[in-house]
Amino acid sequence: MEPGSRMHALVRRLYPLCRSITGDGVRATLDIIGEHLPLTVHEVPTGTDVLDWTVPQEWNIRDAYIADADGRRVVDFREHALHVVGYSVPVHETMPLAQLREHLHTLPGQPSLIPYRTSYYAPRWGFCLAQQTLDALPDGDYEVRIDSTLADGHLTYAEHVVPGQVTEEVIVSCHVCHPALANDNMAAVAVAVELARSLENPYYTYRFIFAPGTIGAITWLARNAARVEKVKHGIVLACAGDRGSLTYKQSRRGDAEIDRVLAHVLRDRPHEIRRFSPYGYDERQYCSPGFNLGVGCLTRTPYAEYPEYHTSGDDPDLVAPESMVDTLAVLREAVAVLDVNRHYVNLSPYGEPQLGKRGLYDSLGGRSDAKQAQLAMLWVLSLSDGEHSLLDIAERADLPFDSVAAAAKALADAGLVKE
Ligand code: ZN
């Protein structure tokens, strides 16, 4: 199967599960991811202090519905996981529609769509439905039932590590807490899985984190205080499959290497680069001032900027295989730059070293890009003072990164520069 089809099949399979910040929906999601990648699954008990937060009770749901006087289910959780407000406390009552309305959420402006709502930290119950479904309900008594449990349990997250040549790490983090939404965020999960499978002997160690949003990233940070120092770069991956162009949100630092690398690899594609703001996905946690990691956020259309966002319109049809392939390609190019982007020192900095006698001109003979390759060598020699990385040199010289990297390798092989 082609990567695009493979990723889309995974999105379709993961999509309907009722995920939340805890519970069996997350575990089922991780089980399926685990069929593609070996995962280390972590279970963190309810009540565990994590930074300024506490791991909440675990939420699980078996069934939920609103039934009319004839017992017909007019809203049925088994048809769509978005029908229940996430973390709803259990309820089983009969009440008139007027009273039930206080617990119903609709989107009057998008009357055919079911909204996505949660109430993680306040004990409530509720249903989400299409406005047109609500409009069709006659007055009268309705039976409402939510067969859920909120009990001490665990918060579940998982990691997959691809060992690199060095122990310094790149993290790729995806939230796995949204029920029955495809672009947000199963498309990112599918792209991350494909990226992980494609890495072969990378320079950095790559750590993929599949965790519920906010509390999951906070839990990971709380439990990895020692490892955080090893995290050199990172990407929060979200909304990776809609048909919009790519948007990269910079790390809080704004000039971290990952920010420069993404700007470089996005250069020849339609894209947008935004400065950091403390609102969005888990870059908020990784970039909080105490950690201040070089972690940016890559999406296609940013959250809340497409009409289907957080509604039943965010289904697998919103996700295009070719969009996920494009997101994956950008990530692979970023990995390729990170793999070789290092600082070199010119070992023969007094006058230009003679390239001809070292065979460095001969090696270019016949190449159509010989002039560019020669220029790249001169730039690498000129700027390799330990201050400029290869990416700095490529940008300063306005040369393709590949050609600068190849020049550095040739010069290093000839003993003229060293890392
Ligand atoms: Zn979301």
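Arginine 13 counts as partly exposed, with a relative accessibility of 40%; that label covers the range between buried (under 20% relative accessible area) and exposed (over 50%), using a 1.4 Å probe and protein chains only. Before going on, note that this is a predicted model, where local features need pLDDT of at least 70 and side-chain atom pairs count only at pLDDT 80 or more, while totals for chains, interfaces and linings use all residues. Residues are numbered from 1 along each chain as its sequence is written, and side-chain values use heavy atoms, with hydrogens and water left out.

Back to arginine 13: its side chain meets that of glutamate 35 in a salt bridge, at 2.9 Å from N to O. A salt bridge here is a side-chain nitrogen of Lys or Arg within 4 Å of a carboxyl oxygen of Asp or Glu. Arginine 13 sits in helix α1 (residues 3-14) and glutamate 35 in the loop between α2 (24-34) and β1 (40-45), so the pair ties together parts that are 22 residues apart in sequence. Helices (H or I, at least four residues) and strands (E, at least two) are DSSP runs, numbered from the N terminus. Glutamate 35 counts as exposed, at 51% relative accessibility.

The structure holds 25 salt bridges, including these:

| Pair | Closest N and O atoms |
|---|---|
| Arginine 78 and aspartate 76 | 3.7 Å |
| Aspartate 413 and lysine 409 | 3.0 Å |

With aspartate 413 and lysine 409, both partners are exposed. These two are four residues apart in helix α12 (residues 401-413), which means about one helical turn separates them. There's also a network of salt bridges, linking Asp24, Arg27, Glu43 and Glu58.

Now for the metal. The zinc ion is coordinated at 2.1 Å by His178 (NE2), Asp184 (OD) and His310 (NE2). Donors are N, O and S atoms within 2.8 Å of the metal (3.2 Å for Na, K and Ca), and since water is not among the atoms, sites may look incomplete. Along the chain, the zinc donors follow the spacing H-x5-D-x125-H. Aspartate 184 lies in helix α5 (residues 182-198) and histidine 310 in the loop between β16 (295-299) and α9 (321-340), so this pair ties together parts that are 126 residues apart in sequence. As for accessibility, aspartate 184 is buried, with a relative accessible area of 0%.
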